[in-house]
Every structure is written in C-alpha cells, then in structure tokens.
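Please keep the viewer open as you read.

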Amino acid sequence: MALVRKEDFPVAKSWSARDRQRVRHKVPKDTEPVAIDYERLKELCDIEGLRTRSNPDTSEDAHDAFMREYKRVFLSSKSLTMVPRDKQDGESRRCTSVVSTGHVSAGTCARRHYAIQDMTDNISHDIKEHLASLHKERQEVDPVVIQANRIKDLRRIMRKKPFERTAAENELVYNHLRTFPELADQLTDKELKELSTVAQLEIWKDEDYTVFGNQGFHLIIRGSVVPQSRPWLRTKDDRGIFRSPTPILTSTSFTKDMKVPELEVGDCFGTLQRVEGREPNSKILTVLTKQVPCEFLKISCSDYKRITEQIRIRETAEKVDLIQSCPAYTLWPRQSLQKLAVLIEWLKFPANTVLVSEGYKSPFIGFIKAGECHVLRQVEVMENLPNGQEVKRKKQVVMGKLKNSESFGEISVLQREPITCSIVTALNIEIGVITPERLEELDDTTRSLLVQSNQRTFGGLTNQEIHDEYVDQELKREWNQFKHSVVIDVINSKGIRPGYGKWTK
C-alpha cells in the first residue's frame with residue numbers, strides 16, 4: 001500500500017478564514033441620503049410624452065428632456081452652523097400686480113434653480129444676530145414708537161422701484177397705509193392694496209420749493225412742509241372750495257384765529273382726484289418745503305384713475321358672468337347684462353338668516369355667488385296634542401334649495417307683490433343684490449325683459465304637493481326617532497353605558 005502525503009489532499013477552509021493572496025477592496029463608507037426636491041421631480045414626471053397608464057411608450061423627446069433636467073432634482077445637504085449676515089437676502093419671489101404696474105412679476109417668469117454656493121462670505125459672527133433667535137422679541141406698545149417704525153419701513157421700501165419690491169414688501173406697505181385715516185377712509189381694501197404696489201418716493205432736497213398737490217396724494221415720511229393755500233388736503237367726502245385766484249397763505253397770516261400749521265412726518269396733503277378746471281401746476285393744494293430733505297410717499301392722480309377704472313371693469317365683468325350663469329339670463333344680450341350689473345351690490349349673510357319671508361315683499365333681487373339657501377313653504381296640518389285634541393297649525397316645509405348661479409325675487413320686486421316662499425340661508429353665503437331703489441334707474445326695455453325672463457320662485461307648487469312633501473318628511477323623522485329609541489333600549493338592556501367603564505373609548 002502506497003503512502004500519500006497529507007498536503008496533497010484539498011483542505012476545506014473555514015468561511016471566516018482570510019485569503020492573504022487575494023486583493024481585498026475596502027467597502028465604501030455610508031453616506032448621508034441625498035435630499036430630493038419633490039416639486040421639481042413632480043414637474044419632470046409631468047413632462048408630456050413620458051410613459052403613463054394611458055401612454056405605454058415614452059417618446060424620445062420626453063426621454064431626452066427628462067435626462068437633461070433630472071440632476072436638478074438633487075439638492076445640496078450642506079448645513080450651515082452660523083447665521084447668514086443678511087436674513088433678508090434669501091431668494092424671494094417677487095410679486096407685483098401686472099394690472100397695477102404694467103410689468104410682469106419676476107416671480108412668475110423666473111424659475112428657481114438650486115446650486116451649491118459658498119456661503120462663507122455671508123456668515124456673521126455678530127452675537128446680536130444669534131441672541132435674537134434665542135429670545136422672544138418684545139412687542140412694542142408705545143404708539144409713537146410704532147408710528148416711527150412704520151415710517152422707517154415705508155422709507156426703506158419706497159427707495160425701491162415698484163417692480164423691484166417683493167410680495168412681502170407690498171403687503172407691508174398696504175398694512176402700514178391702512179393706519180393713515182386720511183388715505184384709508186377714501187379707498188376700499190381692493191383699491192388700497194393695488195395702489196400700495198404703485199406708490200413711489202418723491203425727494204426734495206432744497207428749501208422753499210413749491211410742491212404741487214394737484215398732481216397726487218402725498219404722505220410725508222421725512223422733513224416738513226408749510227401749506228401755501230387752504231385747504232391743502234382734498235378727500236372724496238370733503239372736496240373743499242377753491243377760489244380763483246387762489247389766496248396764498250404765509251407763516252404770519254391768520255385764518256379763523258389760527259396760524260398756518262406746519263405739516264410734519266405722518267401728515268398728508270394733495271388729492272387722489274385732480275381738481276377739474278385747474279392746471280396740475282396751479283397754486284391750489286400746494287406746499288413749501290421747510291425742513292429738508294423732504295421725502296413723500298406719492299400716489300399720482302393718473303395711477304389712481306387707472307387703478308380704479310381697472311377694478312371697476314373687473315368687478316363689472318364678474319357681475320356680468322354671475323348674472324349670465326343664472327338660467328333665466330343665459331340668452332340675454334351683453335348690453336342689457338351690463339346695465340343690470342352696474343346696479344348690483346355685494347352682501348354677505350351668515351347661516352340661518354331669513355332673507356325673505358313668505359307673504360311679504362322681497363327687499364331685493366338676489367343673485368347667489370357662493371353658498372346655499374333653503375326654500376320653505378307654509379302648509380296647514382292637523383296636529384295631535386298630548387291630551388288627544390286635534391288642532392290646525394301652520395308648518396314650514398323645505399321644498400327645495402337655491403345654490404350658486406341662481407336668483408330669486410325678481411317678480412316680487414318688479415310687480416311689488418308678496419313672494420311665494422321663504423328663503424333661509426343654509427350656509428354662509430355671498431350674494432349680489434339689486435334694491436328696488438336702484439331698479440328705478442333701469443330703462444323700460446330692460447325692466448320688461450326682466451319680467452318676461454323670470455317667474456315666481458317656487459310659485460308653481462300646489463297645496464297638495466306641499467302637503468305630500470310635509471307628510472314624507474314627517475314619516476322620515478318619526479322613523480329615525482324610532483330607530484334611535486330602539487338602539488338606546490338595546491344598549492341599556494345589556495348594561496352598556498357609553499362613556500363609562502370599559503366603554504369610555
């Protein structure tokens with residue numbers, strides 16, 4: 001028998017044994033997950049031509065567009081441990097009303113691009129900025145300090161052109177201007193919000209220069225002026241009396257035992273509507289610069305006229321669309337719709353408000369813009385009393401609903417007769433109304449068209465139909481009460497008390 005060496009036989013190696021002759025590669029370290037911009041990813045997935053449930057194939061153009069842009073989905077996860085030097089320098093979306101300024105907003109045109117930038121130059125080591133984030137900012141209550149802060153904000157923002165301001169800055173200007181009654185009392189919220197986006201800064205650096213107030217409304221935000229004529233402020237309600245020639249006031253003249261005042265920061269002069277028959281550079285509403293430099297927040301008369309006209313056109317178009325969406329006015333000519341839209345006023349009512357009562361004249365013609373109303377009719381029924389006696393009583397029955405783009409009250413207002421139903425708001429609603437007084441302004445042709453196009457609100461119902469609807473609703477109510485009582489009896493019979501013991505949850 002031949003002898004064989006042990007080394008000639010293959011030996012099975014353990015799974016944990018290391019082969020030093022083989023090249024070993026290091027396992028890469030775990031890295032943090034890459035942040036993904038899901039809004040950008042959603043935009044890429046919405047590219048037309050990509051594969052979807054309805055489209056089994058992807059076009060080459062869609063594939064190429066996706067591959068070109070997909071890298072922008074990944075965001076930089078670089079973190080900063082220090083406070084940026086200017087907190088206001090972040091990327092902000094500029095939003096200036098196209099209607100107000102005539103310029104397209106930068107935020108609506110530019111697309112946000114994400115890139116890795118070196119932020120070391122914008123890092124601040126000032127301890128004040130770090131402490132501000134640790135402590136709650138104390139709210140100022142002193143009205144003088146609050147007013148000074150408002151003026152400071154207005155001066156800072158007004159140094160920018162209207163198209164350079166952000167949406168937050170325009171909103172801040174609007175909120176500050178609301179606190180000046182000389183301006184806010186003359187305008188609606190819509191007008192003031194639009195005008196705050198076109199307000200501009202006017203600077204006068206020389207003393208004793210004449211500022212013409214007939215060119216616009218001026219709010220003093222720096223310096224002081226002295227009026228040259230009385231009145232120096234013209235409002236919608238108090239238009240003032242302007243003599244010709246205009247009397248010139250001086251610092252030593254007296255009017256009604258009062259010296260000519262000096263207008264300081266926070267005071268106003270000028271007008272929103274130019275005085276008819278007077279030149280823009282006439283002496284009326286003029287002031288002289290005294291403490292220079294003088295800075296004014298100015299709303300020009302031309303901007304005010306343009307803004308109010310555009311708001312009026314938009315509101316008229318909105319009212320015309322509401323009237324035309326009602327079934328009775330679908331085929332009306334545009335000219336008649338515009339005549340009717342001019343008379344509409346917007347009103348809001350909370351839920352459970354009685355707009356019209358059956359048997360009374362309707363106070364207005366209503367066009368429902370948003371919300372819902374219940375239509376109720378009265379019916380006489382026999383009711384059994386607990387003592388067994390039967391009595392005749394009147395009950396209210398819900399016969400239908402009035403929803404968006406529906407109207408009511410036309411025949412009652414035009415023919416001055418009681419309405420055939422009661423209308424109660426089911427939700428908070430907003431409606432456009434035309435009162436009988438405003439309806440007198442309509443011409444005879446439009447009034448006759450109103451009568452021909454409309455009919456009495458739920459006026460075609462018979463007493464039998466109302467009675468049958470009442471019986472059906474009563475049967476449903478009694479059946480629901482019976483089911484509820486049976487469920488309560490079953491629960492009580494088993495000793496179950498909802499809200500107690502093991503049934504607390």
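R40, E43, E69 and R72 are linked in a network of salt bridges, a salt bridge being a side-chain nitrogen of Lys or Arg within 4 Å of a carboxyl oxygen of Asp or Glu. The structure holds 25 salt bridges. Please bear in mind that this is a predicted model, in which local features need pLDDT of at least 70 and side-chain atom pairs count only at pLDDT 80 or more, while totals for chains, interfaces and linings use all residues. Residues are numbered from 1 along each chain as its sequence is written, and side-chain values use heavy atoms, with hydrogens and water left out.

| Salt bridge | N to O distance |
|---|---|
| E295 and R155 | 3.2 Å |
| E295 and R222 | 3.4 Å |
| E372 and K401 | 3.5 Å |

Let us start with E295, which forms a salt bridge with R155. E295 lies in strand β12 (residues 287-300) and R155 in helix α6 (residues 143-158), so this pair ties together parts that are 140 residues apart in sequence. Helices (H or I, at least four residues) and strands (E, at least two) are DSSP runs, numbered from the N terminus. E295 also meets R222 in a salt bridge. Because R222 belongs to strand β7 (residues 216-227), that pair ties together parts 73 residues apart in sequence.

Is E295 buried or exposed? At 2% relative accessibility, E295 counts as buried, where buried means under 20% relative accessible area, exposed over 50%, and partly exposed in between (1.4 Å probe, protein chains only).

The E372 and K401 salt bridge links distant parts of the chain: E372 sits in the loop between β15 (365-370) and β16, and K401 in strand β17, 29 residues apart. E372 is buried at 17% relative accessibility, whereas K401 is partly exposed at 44%.

Four strands form an open sheet in the order β14-β19-β16-β17, with antiparallel pairing. Its edge strands are β14 (354-356) and β17, each pairing on one side only; two strands pair if DSSP finds at least two bridges between them. Neighbouring strands of this sheet are turned by 40 degrees against each other on average, direction ignored. For such angles, axes are lines fitted to C-alpha atoms, for helices over the stretch in contact, and angles run from 0 to 180 degrees between N-to-C directions.

How many bridges join β16 to β17? There are 12 between antiparallel β16 (residues 373-384) and β17 (residues 390-402), and N384 stands opposite E390 in β17. The two strands form a hairpin with five residues between them, and G388 in the turn has a positive phi of about 90 degrees.

β16 is also joined to β19 (residues 422-425), by four bridges, with V375 opposite I423. Two bridges join β14 to β19, and here V356 has I423 as its bridge partner. Helix α15 (residues 463-493) lies across β16 and β17, running at about 95 degrees to β17.

Finally, have a look at D303 in helix α10 (residues 301-325). D303 is buried, with a relative accessible area of 15%. Leaving aside neighbours within four places in sequence, D303 is in contact (heavy atoms within 4.5 Å) with L195 and V198.
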